[in-house]
Structure formats: C-alpha cells, structure tokens
Amino acid sequence: MSIVPFERQTNGQRVVFGAGAARSRLGAEIERLGSKRVLVVAGPASRPLAEELTARLPVAGFVADVRMHVPIEAAGRARDQAVSAGADLLLSIGGGSTTGTAKAVALTSGLPILAVPTTYAGSEVTPVWGLTEAGRKTTGTDPLVLPRTVIYDPELTLGLPDELTVASGLNALAHCIDSQWAPRANPVDTALAHEGARALMTGLPLVHADGKDLAGRTQVLYGAYLAGLSFAGAGSGLHHKICHVLGGAYNLPHAQTHAVVLPHVLALKGTADALTELLALYDAIGAPRALRDLGMPESAVGEAARLVVEAAPIPLAAAEQLIHDAWSGRLPSAGPSGEAARREQYVTDQVLRSFADAPEPRFKQVMEALVRHSHAFVRDVRLTEAEWQAAIGFLTRAGHITDDRRQEFILLSDVLGLSMLTIAVNQPPEPGATEATVFGPFFVAGAPAVPYGGDVAQEANGQPCWVDGVVRGGDGRPVAGARIDVWEADEDGRYDVQYGDDRTAGRGHLLTDEWGRYGFWCVTPTPYPIPHDGPVGDLLTAAGRGPMRAAHLHFMVTAAGFHRLVTHIFVRGDTYQDSDAVFGVKESLVVDFTEQEPDTPNPTGRELDGTWTRTQFDIVLIDLGEPA
Ligand code: BEZ
Ligand code: FE
C-alpha cells in the first residue's frame, strides 16, 4: 500500500489492559490521578460490581441514573451530585451509556474520568459526547470528556449475556470497518482497524460458544479497544450515518442496529472477500439480522430511506434496497472471491467482445447493455441452474400459449412494469398533452367504423355509456379527421377475442368532425382480470398479487402531423385504481362517469330502459416535430 500524506491527532490517555486489572490496579490508578473523592457512575446492572471494586477506595457517592442517549436532566442531576459531594474524579464502570453519563458530567464540571468499560462500546477512547434534550440528540467533541485512564479487564466481561456480547462486539467491528471510509481515514487508523477486526473475528466465535472463555473475552476486548481508537482517529463513515438516522428516528437499540446494518453497508462499499468473511462470522455467532426484530415498523422503511439520503451520499434506490433488506433480514449475497470472480468476469467479457464488431451502432449498444445487465443479474442473485431451467420453462410456456388471440409476452412485459417504463422513457410528460398508458394485448386492427353517435358495444353486454370530447393539437386548435380506435371488455370482464367465436364487439373506430369532435356509445367499463390461466398468472400467484385491472376504456388516436397516442380513461372511484395489475393508472386519465336516469335526455335520443352513464374526454395530441 502506498502511503498517502495524512494528518492525525493522537489522544493522550493512559490504558491498563489485562485480566484482573480492575481488581489489582484500580486503587493505584485512582491515586495516580491524585483523587481523594471519587464519584462512581454505575447503572443498576453494574452496581454490585462497582461496590465490590471500590469497597476500600475513597468513594464520595454513586450515580445510578444511567440511561441510553443521556437525557440532559439526568446529566444535570449527576453534575449537582458531583458538586455537592466535592468529587475530584468520575469513575465510570459499565457500558457505553455509563461512560456517556460520566462524559456529560465532565463536560460541564471539568472533572477527570477514569473509565472501566464492561462492554465493547469503545466510547471510553473518544472525546465525543452526546446528550438528549426533548427527544433530540446533540453530539460534540471536547478533549475534556476523554477519560484520562481506561482500565480494560476482560474478567469483567465474563458475565456479559451472549446477545449483548454479539451485538456489542459487532458494533466494535463496525467501528473498524467504517473507519476506513471515514473523513479522516489514514494508514495508522487503518492498521489499528485491521488488527482490531482480526481480534474481534477471532474472539467473537469463542465467546459465543462459551461466554466464560477468558482468552476469547481478551481478544474481543482488545479488538474493541483498537476499534474505538481507529474510530476516534478516523471518524465515522456511511455506516454510522445510516445507524445514527435509524437509531434517532425509531429509537432502536444502538449496538443491535449497528450489527444488523453492517453487512449491507459492506456489500455496498467493501470487497466480496470481506463480505464473505463477515457473513461466515454472522452465521457462526447468530448475529441479529432484521430491524423488524428490533421494533422498526415496515411502514417506516420508505421514510427511513429518504432520511438516509439526506444524511449520506447514497442514491435513493440503493438506500431503499438497503433499508428494506436490513428491515426484513435478507442478508446480501457475498458473491465469489478471487479466482472464481475472475472466471465469471471472463465469461461476460468474452460475450461483450463478440458484439464489438456489430456494424449497426444502436444494435451494438443495446446488445452490449443487455449482456452487461443480464450477466450482472445472474451474478447478483447467484442464479442457480435449476432457477435458470425454471425461467426457460416459463418462457417456453409463454411461447406455447401465445397465438393470434393471446399474447403472453405483452402480459409479461405489462405485469413487470416494463411496458409502462418504456412509455415513461419515450413519452415524458408534455405540458397540456394527454398522457399515454399501456397498449395491452387486446387491440385488433381493422375494427369496424362507427359514425358519430354510433355504438361500439354491439354484442358486448353492459350498462350503456356515452363518451364524447374534442381532439386538439398542442396549439389548442381542433384536429379534424383524427382516427380514434376504442376497445373495451364487456361487463363479464371479457374482450370479444376471448370468446371462442368470431364476434366483433366492444371495439370500433371513429373519425373526428371538422371541429375535432367525436361521440359514441359503449358500455360502462368494469374491472376485469388480465388472463391469468397461463405462466404470467402463475407468476402473479407466486408474488401474492392479484390479476385485476382498474376499469378502463382503451383509446388509440392517430392523426396526420401528430404523434400517435395510446391511452385509456379510468373510472374514478374504481376499487382497483391503486392496484392496477399492469401499473397503467395515471391520475390525469381518471375521469368521472356520471350515472343518469333512463329518462334523462341523452345525446342521440336513444331508447333506454335502464340507467346509463356519460363521460367527457378531451384529447390533446403532440405535434410531430416537437420533442415527443
Ligand atoms: C388491457 O387493458 O387490455 C390489458 C393491458 C395489459 C395486460 C392485459 C390486458
Ligand atoms: Fe383493457
């Protein structure tokens, strides 16, 4: 590794490390600091240990009110206690919140701290403090709060429950990993982080297997110390930004959140080898995997991703994927390492080269992108051979079921959102123009001509519906002679081509008059299922998705000098408006179909014996020559 220029601050702090050090060395270290009145900060869980360790020492009192994120009121009370007891030293014995409470007192009192950590939090080696006021956490850095002395005694961690050991140990590992992407990253802290990670990865499986394994405990505590140092030196990176956001917004437990998020960040930023190692460790020590198990609701996933994007330089789609995977417990896949990865890449490169001389540039561009993306997909999901066989079987069935009347591939494109995406790419919104939506598989060329006021329903059953409107160009002028093709399903949810006979019903074409007007009778659209008795139906079932389309009427409008428009109108208030199986609904295409009494005068004086509906749909086409 070449050594780049760097700046680094070494913090002055004395460290005493060793099994039994707390019992054998605490008195001497207190004396060394010249203290005569020690205020002991220890939460209820550490109190018996704190009393035992300080039994023969000059104790001036105990602070027992230790809480996560250090509420400012609790810090104030502890500071008052320090003043009234005439304390000259703060002795913290416990985990990160205990050290944090002592730091909060030091911040305003200037008292020195002697820290005896009992977890792997690492706070004892940083000058960073944190306080919470009215639910808002403030953090800062002040050399005053850096403990003067730390006594690391692995014996004190022998009783740490497994769950906490694992979470706290992985929090330390996160310090090692994140410090390498941090703003002040430098070779010294990277070296400390590597040795810290090595010690943690050696020790954690041992202490998970046996919490009383002193050698394992020693490795983990040593690793946690180095982790804290590297973090103090280099600062925090993407991982901590994400955890900070999640912890703050959803009050999630600190160490566990770090443990859950770490593999996902490593998958984004690290190497395949590092991720493989981490995932093996997670397996070995039963690491926490899902934010949902820590109390985060699924409904918060989208908001959390947006908060992360505000705090960290990461694209929204990546943040959404990361948070969702971390929420659900889906671990990232490591991919292969070393030689295997090179062989995979070799396959892709060979195929890419085979298109290098394709003469038609657009074909070459599209095919190369197809190869890159499809190969990346196979690598990304680690596609199994059985899955690839299943995919080929699926496409084969789609081919077999497709004929002149059934188009399974359009259905597939539709339910995957590829049809709507292609429309979005090619027809970006044009101010004032009517929006496009899916074509669908049921258009039939050569539908009968219908005059103004005619009925396209013919044999199709359903409630009569009158539709009229005007077709205009972008300049507002009416378009005469525009051809409007319309098609729709009947009230039983079927298009004519889905019946086994040769009927033509529910479709037709009209021409606009010289004022751009059109008007016709049809049937009121009703929701219907897309054909789901084939492979696409199986796919929907496997996804737990329904096949229903929101009620709609299809339009295709063509006119000389204008772009062709393929669209629908949707019935406002329809049940499936928000869950259309092919993602076709656009707000601007949702219109009112108002119900009318049988005897309400209708536009063509038609005899009606039941209720009917009417709607109006004015269409604005995009001129050719303007950007489409
Ligand atoms: C349709 O509306 O006709 C349709 C669109 C996409 C898939 C299936 C049907
Ligand atoms: Fe349709």
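**An iron site and its surroundings**

Over residues 467-495 of this predicted model, the chain is 0% helix and 38% strand, with its end C-alpha atoms 19 Å apart; helices (H or I, at least four residues) and strands (E, at least two) are DSSP runs, numbered from the N terminus. An unreviewed UniProt entry annotates residues 467-495 as "domain: Intradiol ring-cleavage dioxygenases", although such annotations may be inferred rather than shown by experiment.

Tyr-495 (OH) coordinates the iron ion (ligand 2) together with Tyr-528 (OH), His-552 (NE2) and His-554 (NE2), at 2.0 to 2.2 Å, where donors are N, O and S atoms within 2.8 Å of the metal (3.2 Å for Na, K and Ca) and water is not among the atoms, so sites may look incomplete. Along the chain, the donors follow the spacing Y-x32-Y-x23-H-x1-H. Because Tyr-495 lies in the loop between strand 10 (483-487) and strand 11 (507-511), and His-554 in strand 15 (residues 552-558), the pair ties together parts that are 59 residues apart in sequence. Tyr-495 is buried at 0% relative accessibility, and His-554 is buried at 2%, buried meaning under 20% relative accessible area (1.4 Å probe, protein chains only).

Elsewhere, Thr-118 sits in the loop between strand 5 (113-117) and strand 6 (128-133), and is likewise buried, with a relative accessible area of 10%. Leaving aside residues up to four places away in sequence, Thr-118 touches residues including Ser-46, Ile-93, Leu-156 and Leu-160, contact meaning heavy atoms within 4.5 Å.

Residues are numbered from 1 along each chain as its sequence is written, and chains are lettered from A and ligands numbered from 1 in the order in which they are written. Local features need pLDDT of at least 70 and side-chain atom pairs count only at pLDDT 80 or more, while totals for chains, interfaces and linings use all residues, and side-chain values use heavy atoms, with hydrogens and water left out.

Notes:
Buried means under 20% relative accessible area, exposed over 50%, partly exposed in between (1.4 Å probe, protein chains only).
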